[in-house]
Protein chains: 4
Amino acid sequence: MIEICTVGGYSEVGKNMTAVKYKDDVVVLDMGLQVDKYIGAKDENEDDIIDANELLGQGAIPEEYFIKNWKKYVKAIIPTHAHLDHLGAIPYIAANYDADILCTPFSSEVLKAILKDRKADLPNKIMTLTTNAVYQLNKDIKIEFINTTHSTPQTVMVAVHTPEGSVLYCNDFKFDNFPVIGEKPNFKRLRELGKKKKVKLLILDSLYSHLARKTPSESIAREMLRDVMLGVPSKNKTVIVTTFASHIARLKSIVDFGTKMNRKIVFLGRSLAKYSYAAEACGIVKFSKSVEICGFSSQVKKILRKIEKQGRDKYLLVVTGHQGEPNAVLSKIVDGRLKFRLFPEDHVIFSCTTIPNALNIANRDILENKLKALKVRIFKDIHMSGHASREDHRDLIHMVNPEHIIPAHGDISKTSNLIDLAQELGYELGKTVHLMQDGQRIDIR
Amino acid sequence: MIEICTVGGYSEVGKNMTAVKYKDDVVVLDMGLQVDKYIGAKDENEDDIIDANELLGQGAIPEEYFIKNWKKYVKAIIPTHAHLDHLGAIPYIAANYDADILCTPFSSEVLKAILKDRKADLPNKIMTLTTNAVYQLNKDIKIEFINTTHSTPQTVMVAVHTPEGSVLYCNDFKFDNFPVIGEKPNFKRLRELGKKKKVKLLILDSLYSHLARKTPSESIAREMLRDVMLGVPSKNKTVIVTTFASHIARLKSIVDFGTKMNRKIVFLGRSLAKYSYAAEACGIVKFSKSVEICGFSSQVKKILRKIEKQGRDKYLLVVTGHQGEPNAVLSKIVDGRLKFRLFPEDHVIFSCTTIPNALNIANRDILENKLKALKVRIFKDIHMSGHASREDHRDLIHMVNPEHIIPAHGDISKTSNLIDLAQELGYELGKTVHLMQDGQRIDIR
Amino acid sequence: MIEICTVGGYSEVGKNMTAVKYKDDVVVLDMGLQVDKYIGAKDENEDDIIDANELLGQGAIPEEYFIKNWKKYVKAIIPTHAHLDHLGAIPYIAANYDADILCTPFSSEVLKAILKDRKADLPNKIMTLTTNAVYQLNKDIKIEFINTTHSTPQTVMVAVHTPEGSVLYCNDFKFDNFPVIGEKPNFKRLRELGKKKKVKLLILDSLYSHLARKTPSESIAREMLRDVMLGVPSKNKTVIVTTFASHIARLKSIVDFGTKMNRKIVFLGRSLAKYSYAAEACGIVKFSKSVEICGFSSQVKKILRKIEKQGRDKYLLVVTGHQGEPNAVLSKIVDGRLKFRLFPEDHVIFSCTTIPNALNIANRDILENKLKALKVRIFKDIHMSGHASREDHRDLIHMVNPEHIIPAHGDISKTSNLIDLAQELGYELGKTVHLMQDGQRIDIR
Amino acid sequence: MIEICTVGGYSEVGKNMTAVKYKDDVVVLDMGLQVDKYIGAKDENEDDIIDANELLGQGAIPEEYFIKNWKKYVKAIIPTHAHLDHLGAIPYIAANYDADILCTPFSSEVLKAILKDRKADLPNKIMTLTTNAVYQLNKDIKIEFINTTHSTPQTVMVAVHTPEGSVLYCNDFKFDNFPVIGEKPNFKRLRELGKKKKVKLLILDSLYSHLARKTPSESIAREMLRDVMLGVPSKNKTVIVTTFASHIARLKSIVDFGTKMNRKIVFLGRSLAKYSYAAEACGIVKFSKSVEICGFSSQVKKILRKIEKQGRDKYLLVVTGHQGEPNAVLSKIVDGRLKFRLFPEDHVIFSCTTIPNALNIANRDILENKLKALKVRIFKDIHMSGHASREDHRDLIHMVNPEHIIPAHGDISKTSNLIDLAQELGYELGKTVHLMQDGQRIDIR
């Protein structure tokens, strides 16, 4: 019998955390933040020192007490990738467990940068494992990292192999046959697991399980960028692009086309610097060769003065602030807080979607209205998602042929669509496909 | 003074028709159907013989009486491209004018095929002019075809040059820098017109003038198709693709990837046959080399029996019915009217969007529900539009630098967004940018 | 132990049917149609003779085989009210059970009218029980009808009392404190059941459990009608009202205000006649005193001719066709099929909402466009729903204080919101609140 | 010839201002704020002293320079009612004109309260005129106030009578046949103007001209309130209602039902106090008899402590904050800033809609999520609008039978729907119905 506790991310989108127990060993998969609530909590604490209790009160981190009686058994904490909703709670609660952290090199670099930012330290050892590698946790349990694609590098599906079968945890993933950096997902290994009937339980990201499609490849977002960056005349104009700081593949495309535009490229904003350095540290990209990276406010101000002097049309500005965050670089520029004016028909390219919660929608709306008042050209939605859709979910289920399925990454409004798909494929609700909520447990036999 | 009558397509989307009068000469630009109303009229007339009066009563063709007193002056009828909302009314009303029809070869072929279908003939002479060519209509007026991109081949912007300046008619167009077939738009000539300050009046498609973007290139739709056709396992499965019959570039991509899938390709449905043959006739593609084209019902039935016998996974079926039309091939297959069953996990790829009117939405909804009941895999919205967006409109206006602007291709809810853009660029409503409705006239001095 | 089988209406909206088994007795609650699919099935069978097998194939009636092994135990079939999605399958499958039908007098009259229409007969005895009455089914089981409000008269909540506790079935209901006809819900009895802790299981309509409100009273719809019928000048104009034929309270308001307008009132259409006569037969209203009711086509045509002659502004026309159904009286008038023209500024009042499925939306859209083309004045959405909202659900749960809850009347997208509410009130998913799908069983201990 | 300058409110919703010039006399109708931008401007100025220049820069007040050359001719400034978007700019710019302010008593009281708040004074004389009264401005011009209904008391339509015909300004209005306070609109006078063909130009509120309905009466909102306040059990619960402070009729209904609930009523918040006192001052209501009105923060805190002590279920709290404004009383309570806790199943009734701009939507979303987290019961949308809909617009046009029409109260997306209606009634765009934008002028002959 394998026991599962769905600690977080099953009653809302965010703060992913799942515990897998086999005999006296527990493996914790992901330990993430609910980012909106985290930001809310930070906003009320201007000095920026927030402790775990406060975050817990705000609902920003997973509720550990759901696995209180498993605490001493936890042997490993395994974030699947570098997004905050998967590893962002580690600085706050990992120390409560006598367990190593196991992740890919990029996630490790990001985690270390976050800890450095907070001037914090962790007692847990951070161990790295490359994609497609295997780690023998102890006599009974083997951990396998299976390469997948997503919107940040070195994302893995994690297989927890036990003598009674494997738990395959795929949260988040995308099936990209034409990735811009990194390898395709390791379909071969997934099919192998399926053929050998090894997968007792599949836990998978159900966010877009209502969309009748295969999520389009990142290479398509790249083509859309090419179209907008190289296909629209921008002579004498300031050109600004904004995207997710952790999306290294997207940044690479931006840098590639910026180079073709014969513009010097600058990255402006703390998170852009943080993720770029992490990606360089593990050899994924070499941005620093061709990009001037300005993480600190003072650097940003200095380079903007230089750009003013040398000519704005000699530069491509890549900035933070794609969701209209009031304190990111883009909002600061627009509000005149950085003394760098935008003129009519300058370009602002949003290589992202608006993440649909009320605050982002309002922030973006306010930002776009200000841009319109400045008569700036706006290019929106130059983006493809990093999450699988219904037809990818189907392909994954066929490949690994699991006995049981638990949909993750959202409340019932999301997971119910994956349940519907599983039922179409012959699974039965309550028997082989399971609707879980935060804090519930289930035994898989 | 140049006089303009906005005959049709200014109070709704459809039945485009605009008359340009200079002294005693009138040029008619487009003569299209309102396709929804046309279909409505046809549905009530099972024998399929509909005359102009009936169509007029249904609002399916432009109301000629708006230019009754100009009738004898009409010297040329010029459809810009082969879509029905631009040339579909020619068979019904062109004979009322003692005027030649002037269009590109592809439009000419399509027009002839439509006439043949109706067993009708036209007294008007159909003359072809290649893209980027010029035709001297008479002493005063020169007609120039300027190459542009759109969702059907050989679409042109038409310049009507008069001694008092030019009217540039751009309805419909898209600015595609990476077209799949044909050349890029003739930006050079557009800029030239702008520099010489020749354009007295620009009439342009405003359909998507509310969208803050540049319309993505057709090459991106091609990549999306590649992703779905080559990236999803389809062994032993029937694969069906449906798209706009007139969209030859899209069909070319489908044929290219179908070939890579090692499947024989068949086109099923009358309109697919009609447009494919037209494209071949003027040398745009050579589908008949690699595709079996079955226009007639009897051919469709015969080939489907053959496919059943030889193995469905040896074929790629390209069919009509992307909007869920009840009598197109896709609906017939799904309803079992063609004795060709679909099985669970067969693929149906919609390389289109649902054109958002209530009837299409209902038809598609009904069709998709039937497909779901059959447990077929659905891949939707593998598509990019053929219409320019706000940032393309801006580029066009900058290039040609017109004195006056009239937005076309829709009612006030569409055109008002282009007026907004024009105002942002310094035009004044009522003075240099004009809100027109069906049947109104304006003098441009 | 009480066993429940959720036969129909738990995986979609429609074809409600639930079986309650205690020892060797089974009570079937509701036996309804999925009306959209029923209409689909009828459309393909022009001669109008459809049998149960065909309807089953189309998914239009509940799938009895889910309770095949309970068949011989069924002792009673109890439709809660007269809507087709609750009693419409009785003519097709009730005969398969050796069981009486038990319902309120109005439901009984409607059922008999439906049977007469189909020229069918039923072996089952139809017994009536008044609201708030109790019926001893046998030694173990007592059936109680508890009065509630809804959008049709004599709707009841059904309590199935067993020695091990009661199942309370509330599907559909509304809590209306100011009903236009009939009594308020029997809150006293509901509270009594709650205080005595008798309710083992509550099954309830969850359709609007996402709406943060109490559903407004029918008296408010009445005021809205007053506002539109008496407050807008209608001299010399034709005035048409259309609403749900089974909504006797709404019809009463229409008749009341029609009388105040000094117009003679006519009901046009088969279903209006059927439900009106049923309501009269059990003494709910006396429409025939003040209304001319024309059910048959010939009657409709005759009265319309009379109206033409005597003056259209002397009449108020109440007609079928509120959802834009192509063959209802309203569509026939608009299409000219009844030779009764509408003129500019005539009134058409829709005392309903558009039931949101694609077909209704398309039908209504088409109808409204035709009305607009005729320049008719349209008054939409003069309506309040007959279904409880989230705050009514909460009140019901507090009143009856059930041990277990099963949300009904929809798939997971509907029921999940009621699960959310139940969780807010302390119920636990999988333990005391249960997510059921069509065909599942559960034992309540 | 009468000249019109549409100064503000024709290119967006807000800052209404229209100037009517006849010979050497100019009458200014309305002088309002764009409230969102006004709040934006205030937020950036914590000391709360904002001057006209700053507001002008933010687009929060009308741009007077559009009528610079008419400045010396302005003889009267006439706000139609007490809403800020109609009179809120008076404190900032009225002093620039040597002109009296002419309004109804309630508007006058509100205006004085605003001036007092700002510790400001105005050189202009404030004169009051009762509804349905006439004022002879000078030899040529007579001003007539025609009573209408709206969502604040003593709203008037203003007729500016000149020897060459009248301008009738109806911005804002509603046609309520069953108002809760005040009289019905003066339909008799409107019809009289129509019969005598006096109305040269009608300027009217077009905000809801796309809605196919007559706006429901305020009496219906009252019934909805009754239903929720008296129909839902609230024993031992805190009950909070929030609505528009200027909506005296709504407040009266709340007070009436609060009294029936046997609860003492308190009004909490500055704007509630301001408008209530204004309404009392001119004899519209006598709230102070039955309501404790607490405008100042200190009063609010004191009464809340008293309520805690005496029992929260003995009170009905009417509070500011219906749009989720972060500094209104409701948000302060929810955030714990007033030390008055809410408990599970307390009631919060929103007698309003969310005004649909991004900031309100976000604020309300955030507020409602906090309320849900507290498990408070939410009753939303207990409201009917104060703005006319399409069928009311039609009735007004028929009554007054104007020669010309100008739609007001919004940009082209709003006004275009009224243009559509006017065209349906035979008016011609550009000839008799005019699309105006901020700052444009037109001569009416």
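Modeller: Gladly. In this predicted model, the contact between chain B and chain A takes 30 residues from chain B and 30 residues from chain A.

Colleague: What makes a residue part of that contact between chain B and chain A?

Modeller: Contact means heavy atoms within 4.5 Å. By that cut-off 30 residues of chain B and 30 residues of chain A take part.

Colleague: What is the area buried between chain B and chain A?

Modeller: About 2,800 Å², with carbon and sulfur atoms giving 56% of that area. On the side of chain B, K214(B), D227(B) and R377(B) supply 19% of the area buried against chain A, more than any other three residues.

Colleague: Why is the pair E391(A) and R377(B) called a salt bridge?

Modeller: The rule asks for a side-chain nitrogen of Lys or Arg within 4 Å of a carboxyl oxygen of Asp or Glu. For E391(A) and R377(B) the closest N and O atoms are 2.4 Å apart, so the pair meets the cut-off and is a salt bridge. The count between chain B and chain A is six salt bridges. There are also 16 residue pairs in polar contact between these two chains, both residues being at pLDDT 80 or more.

Colleague: Which elements of chain B each supply at least two residues of the side that touches chain A?

Modeller: They include α7 (218-231), β17 (377-379) and α14 (390-400) of chain B. The largest share comes from α7(B), with seven residues. By kind, the side of chain B that touches chain A divides into twelve nonpolar, five polar and 13 charged residues.

Colleague: And chain C: how many residues does its contact with chain A take?

Modeller: Seven residues from chain A and seven residues from chain C. The area buried between chain A and chain C is about 670 Å², and carbon and sulfur atoms give 60% of it. I412(A), L429(A) and Q437(A) supply 56% of the area that chain A buries against chain C, more than any other three residues.

Colleague: Now for chain A by itself. Why is chain A called as compact as a globular protein of its length?

Modeller: Its secondary structure comes to 15 helices and 19 strands. The radius of gyration of chain A is 22 Å, and the globule rule gives 22 Å for 445 residues; the value is close to the rule, so chain A is as compact as a globular protein of that length. Along its principal axes, the C-alpha trace of chain A spans about 70 × 45 × 40 Å. Of the 445 residues of chain A, 63% count as buried.

Colleague: How do you know that H247(A) is buried?

Modeller: Buried means under 20% relative accessible area. H247(A) has 4%, so H247(A) counts as buried. H247(A) lies in the loop between β12 (239-243) and α8 (248-260) of chain A. Leaving out residues up to four places away in sequence, H247(A) touches S151(A) and E218(A).

How values were computed:
Residues are numbered from 1 along each chain as its sequence is written. Chains are lettered from A and ligands numbered from 1 in the order in which they are written. Side-chain values use heavy atoms; hydrogens and water are left out. Buried area is the accessible area (1.4 Å probe) that two parts lose on being put together, summed over both. A polar contact is a pair of N or O atoms within 3.5 Å; within protein, one must be able to donate a hydrogen and the other to accept it, and residues adjacent in sequence count only if both atoms are side-chain atoms. Helices (H or I, at least four residues) and strands (E, at least two) are DSSP runs, numbered from the N terminus. Ala, Val, Leu, Ile, Met, Phe, Trp, Tyr, Cys and Pro count as nonpolar, Asp, Glu, Lys and Arg as charged, and the others, Gly among them, as polar. The radius of gyration is taken over C-alpha atoms; the globule rule is 2.2 Å times the number of residues to the power 0.38. Buried means under 20% relative accessible area, exposed over 50%, partly exposed in between (1.4 Å probe, protein chains only).
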